[in-house]
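Have the structure open while you read.

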Amino acid sequence: MSPTSDHTTQATAEPPPKLHLGRQASIFRANWFNGRLLLLAALCLTTMAYWPGLSGGWLFDDYPNIVDNPGVQPNQLDTASLVRAALSSPSSDFKRPLASLSFALNYSFTGLDPYWMKATNLIIHLLNGCLVFFLSRLLLKSARPHASERSAETIAAWVAASWLLLPINLTAVLYTVQRMESLANLFVLLGLIGYVHGRVKLLTLPSANNLGAIALCTVSLIGATAMGATAKETAVMLPLYAFLCEWALFGFSRVGNHGKDFEDQHHTAPPRSRHDVRIITLFVVTLWLPLGLGLAWLLPGILNPASWATRDFTLHTRLLTEARVVVDYIGWILFPTIDTLSFYHDDIALSTDLLSPWTTLTSLIALAMLVALALWLRKRRPLITLGIAFYLACHVLTATIIPLELVYEHRNYFASFGLMLVVVPLLAPEGSQQVGADNYRVRRLLAVLLISLITYWTTLTTITACAWGDPLRLAEALAARDPYSPRAQYELGRTYVIYSHYNPNSPFTLLAYSALEHAASIPGSSVLPEQALIFMSSRMGMPTKAKWWSSMDQKLKTHRIAVQDESSLQTLTECLRDKTCIFPQEYLGKAFEAALTHPQPSARLLAMYGDYSWNILRNEAQGEQYLAEAVGKAPTEPAYRISLIRMLAAEGKYGEANASLAQLRLLNIGGRLTDSLNELQALPGMRNQVTPGQSSVP
């Protein structure tokens, strides 16, 4: 044997030096640590950026869901209190019990202090940032199975850092009630991580060993969707997101990009690629069947004009307008400005046709081009395709046929992750080379651009968080950002009212009058400004102006009655009933009559007018009539039935009262109404009055 061949044999037979193995392991650990170190730095930077905003106050929907909601303010954490809290949210018919329970737990430990509520939101956001990191790493490895571990780890960390610091995600953190959004997406991210991890195992393990992997995929979709939906309904999009992962990365096949890995690990050729029937069945069960049932349930209501009675738009104008909104969101995510992220977007102009305004047509063309780009890049750059698909899919629920409000920044909490998957891998140093940027100077330029973007996002997030840290500063900032937003101007006036402490000599009093009258004059405004003016003047012992009442009447007659209008009437009713305010009751009666001229009044409005009739007009028959109508419209709402039972008992109609009480017992889920039931049963004249076939409350 020649020396050369002998040397070759020896080199082949001998194991690699231990020092070499140790170096390889240490390099791997270092690469892993570098990705983690970047993520840790992003988490710290995010905490610092948001910290000034934790000291802020309550805002907008925080009041009905938390501040004015006794259900999430339990005196003790027993079963009945927790069930009552879980079913107390007025935001949705589905009640969002997990989010409400989290508010109740916050209240139990720290009281009604917005600081700790917001701090909890920040912790959830940081947890979501970690999940974005792990999900991005999985998606990067699935899209580029032969990419280095270092590349996947580092790019995933850049994606997570960018997403954590995006200004558009601020309202999901500092707007307390939108814990609903961030908490729902925590389960969405967990579900996607479980699904993608299980899917990779299905592609790389022999069929005899992959039952656990298909179980992981199934549990991740069903379990995470169910849990997330208890925080907010947006979590039902999880199966669609997983379907898009399948479409863009795995192709519904038994073997995909990981076939070579399978061959390397098992020293045999992978099985012939074909569709995996189990995966197809999983999506039929978790996505397409629920989608069909959901549409069958929703469409009759959506096509009913009464469903749009509280909105200033129709299905047609909503779809056209949302095309512009979804395109605008892209700019707000990538290149936001202080003016665009104004929180209140109630002054958006409706699209009435393709050219009114002309940006409607251009937005539809832009969306079509995005879809075409995603389809064209599916084989070449699947991660870009997936990111575009994530972004568009996220708005399927909130920007299409359901009559929700048109614009909210927090609706981009997951959608912004999709755009980060598109942009960040193109700019990150480890990712730019993968997409063809081989020139060192080009790669360096792209890296500088990414750092500049993150720096800009961080700066804007910090500036905005500082404004959110003080209620007065925030109200003034939002009003300045959007001078034609009725809500922004109303919130400024309301904040001035709070700071005035109802003192006529306070410098804030004149500011409050000016801001509220400006808000009332803005086209499309609700009656909230007029209500605040009347409430403030009456509380200070000053006369109310006739023009405020006439403006309220005119709006209630000509505009569709929205939730804000109902809340205004309820506030004035309670104020007059409790003798906190003094103003002619006939003025409020005319306002109610104006609101009730619209067809199909809501159960809440009927119940409020019943309260007004009974307690202020002293017209018991009319009060009972309207409460009965409210109960008929909303039979599962306990508050209306409780009020009706009190009225019936006060009139001596004990048989009817007990019959209604029996119906109320059916709503006593988990004992949440036990205290109310006992109080009603103890009313004078009802203790021994028991409806045949019903037992009294023990």
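## Rings that meet

Phe 94 and Trp 297 are both exposed, where exposed means over 50% relative accessible area, buried under 20% and partly exposed in between (1.4 Å probe, protein chains only). Bear in mind that this is a predicted model: local features need pLDDT of at least 70, side-chain atom pairs count only at pLDDT 80 or more, and totals for chains, interfaces and linings use all residues. Residues are numbered from 1 along each chain as its sequence is written, and side-chain values use heavy atoms, with hydrogens and water left out.

Searching the whole structure turns up 30 aromatic pairs. Rings of Phe, Tyr and Trp (its six-membered ring) pair if their centres lie within 6.5 Å; planes under 30 degrees apart count as stacked, over 60 as edge-to-face and the rest as tilted. Here are two of the pairs:

| Pair | Centre to centre | Angle between planes | Type |
|---|---|---|---|
| Phe 94 and Trp 297 | 6.1 Å | 70° | edge-to-face |
| Trp 549 and Tyr 587 | 5.4 Å | 45° | tilted |

Trp 549 sits in helix α24 (residues 546-558) and Tyr 587 in helix α26 (residues 585-595), so their pair ties together parts 38 residues apart in sequence. Helices here are DSSP runs (H or I, at least four residues), numbered from the N terminus.

Is Trp 549 buried or exposed? Trp 549 is buried, at 3% relative accessible area, while Tyr 587 is partly exposed at 28%.

Elsewhere, ring pairs join Phe 60, Tyr 175, Phe 343, Tyr 344 and Trp 468 into a cluster.

Methods
Helix = DSSP H or I, 4+ residues; strand = E, 2+ residues; numbered from the N terminus.
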